[in-house]
Amino acid sequence: MNYLVTIGLETHVQLKTRTKIFCGCKLEFGGQPNSHVCPVCLGLPGALPVLNREVFLLGLRAVLALQGTPSTVIKFDRKNYFYPDLPKGYQISQYDSPLGVGGSIEIRSGDKTKKNTLNPPASGRGRRKAHP
Amino acid sequence: MSLSEKTAFELSELYRKKECTQEDVLKDLGIAVKAKDRDARRIHAYIQPESIRPRELKKSAASRLSGIPIAVKDNICVEGEEITCASKILKGFISPYNATVVQKLLNVGAVIFGRTNMDEFAFGSSCETSVYGPTRNPRDPERVPGGSSGGSAASVADHTAIAALGSDTGGSIRQPASFCGVVGMKPTYGRVSRYGLVAFASSLDQIGPITKDVRDSALLLGVIAGHDPKDSTSADLPVPDYLACLGQSIKGMKVGILADDNKEGLNPLVRASVKEEAQNTLRKLGVEIKEISLPHMKYAVSVYYIVAPSEASSNLARFDGVRYGFRDPKAASVLDLYENTRGEGFGAEAKRRIILGTYSLSSGYYDAYYLKAMKVRTKIKQDFDKAFKEVDAIMMPTSPSVAFKLGEKTQNPLEMYLSDIYTISANLAGIPAISIPCGIDGTHGKSLPIGLQFLGKPFDEGTLYKLAHAFEQNTDFHRKLGNVK
């Protein structure tokens, strides 16, 4: 039997912003314990996230650099699961209306250059299963 | 007359004339709470009436609300105070921060006075699902005060509070205001910051005032409304001077009424008060009454019970016993910790809604339930948009009945849900609505208030205040209901 090897990459990139993505706490290492936390990042009852403008701009820059299509409407979704390090019981993510979609990246291997298409995340990914 | 019976506006006039002080008011309120809420009658409007510690900023600007005590529902954060949402699962949690509305009140010199009882996590229409036990209706202690902001409405009606804050997700300010004979305003979604309000259904929740009259409601909303950079869903729009809307002529205004009636469920006395007497009052004031139709309103309760529990199931995920509040001390594993904490910490109605919501969000059911409900929600919104092209406001009963008896609907959740049939649409459409007293049902040996609701265009609370104030000044039910005996 012949297999065709297909490799997908999921890339996580840390953004070099001054503050955290959904609150005004400083994003730097080496502070006193519990000095870079607030009700928002602790997920305390009643606290609400507000998107960091710099994150939006850096994200947009990445979409354009990869020749993707920026979305006119962007929306955030919740990925719900229980885990002790997940204060709100969900991650804030993007499913069907992310910052941008598509685009490609060229990779050179030997004397060949291949254009790899970037795929938008599958809609509904990570949604809870009815019958696990 | 005890100072606790005054309105906020009246007290501010007394302060201005130096006829009483903040200390006098707090003393009278303390006496009222002790006499009415703590002992014999046990209205139980406050969660812990014996340990109320009034809170204020040391230095604050002089304003109409300077020195005015405001009661706060137990789902709104006050720095340094326990906040439980009337649930066992949050017991012991002290909020390290103030909700924006609380901070705004403190900034103008108001005094935060006591925490009012509610249905657990605002899940209910009767104030009976509180872990602390039910609140009773001051007009008839055998009856419920409505919910979920039952404690806030009962405290205002019982004169154990001057005014109060509540929250409204499907009628939780307006229905208890109607049952207790006070004024309840649910502002437009986005008018008031939700920062510091423990989320039930994030796309429906709004904080609003519960007061003795329309003037106090306008006064309070003017202070708590406005853009908040901490809440992305709060609208960056100027806040009009609501007090300036009062006392204006309503001649020539157009008010819509529903052509089709909810015939089975509507109490005949409520119908007579709202459909006949109230309409006649408005006609005499020069208002044109026009029939409108909201064809999708009949689906509102069904849509709500998909959308609201879905959002709640996600919002309540954070209560897991890991970081704060109640935790099962015997749990031997992480899974046990979650299951036992949530199993013991949540009451029956909270569990019912979490299960309902989790089901409607599950893959395979999401499109059929949640997505479909969201589409019908848009239809409901469009119905209102269309109606508001023809009328300035819409009127309808707040609740199909007067306050029901304790225990009457606890065994039948569906019947309980249907008591919000007139209030839910405003939340789904995001529009403002105010409930004011419009009649009295004296057939049960007590004076049970009947409530009327005005619904308005988005961010047009001013028109609602104009109408409600004119109606109030020409009917005076807020005074006829008078002091509770």
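Predicted model: local features only at pLDDT ≥ 70, side-chain atom pairs only at ≥ 80, totals over all residues.
Me: In what order do the ten strands of the open sheet in chain B stand?
Reply: The sheet is open, and its pairing is mixed. The twist averages 30° from one strand to the next. The order is S2-S1-S3-S5-S4-S9-S10-S8-S6-S7.

Me: Why is one side of strand S2 and of strand S7 of chain B left without a neighbour in the sheet?
Reply: Strand S2 (111–116) and strand S7 (288–292) of chain B each have a single partner strand.

Me: Which residue of S5(B) is the bridge partner of B:Gly166?
Reply: Strand S3 (residues 163–168) of chain B runs antiparallel to strand S5 (residues 206–211) of chain B. Five bridges join them. In S5(B), the partner of B:Gly166 is B:Gly208.

Me: At about what angle does helix H3 of chain B run to S2(B)?
Reply: Helix H3 covers residues 100–107 of chain B. It lies across strands S1 (69–73), S2, S3 and S5 of that chain. Its angle to S2(B) is about 145°.

Me: How far apart are the centres of domain 1 and domain 2 of chain A?
Reply: Domain 1 of chain A spans 17–50, and domain 2 spans 53–117. Their centres are taken over C-alpha atoms. The separation is 22 Å.

Me: How do the residues on the side of domain 1 of chain A that touches domain 2 divide?
Reply: The contact takes seven residues from domain 1 of chain A and five residues from domain 2 of chain A. Those of domain 1 divide into four nonpolar, two polar and one charged.

Methods. Residues numbered from 1 in each chain as written. Chains lettered and ligands numbered in written order. Pairing = 2+ DSSP bridges. Helix = DSSP H or I, 4+ residues; strand = E, 2+ residues; numbered from the N terminus. Axes fitted to C-alpha atoms, helices over the stretch in contact; angles between N-to-C directions. Contact = placed C-beta atoms within 7 Å. Domains from an automatic or database assignment. Nonpolar A, V, L, I, M, F, W, Y, C, P; charged D, E, K, R; others polar.
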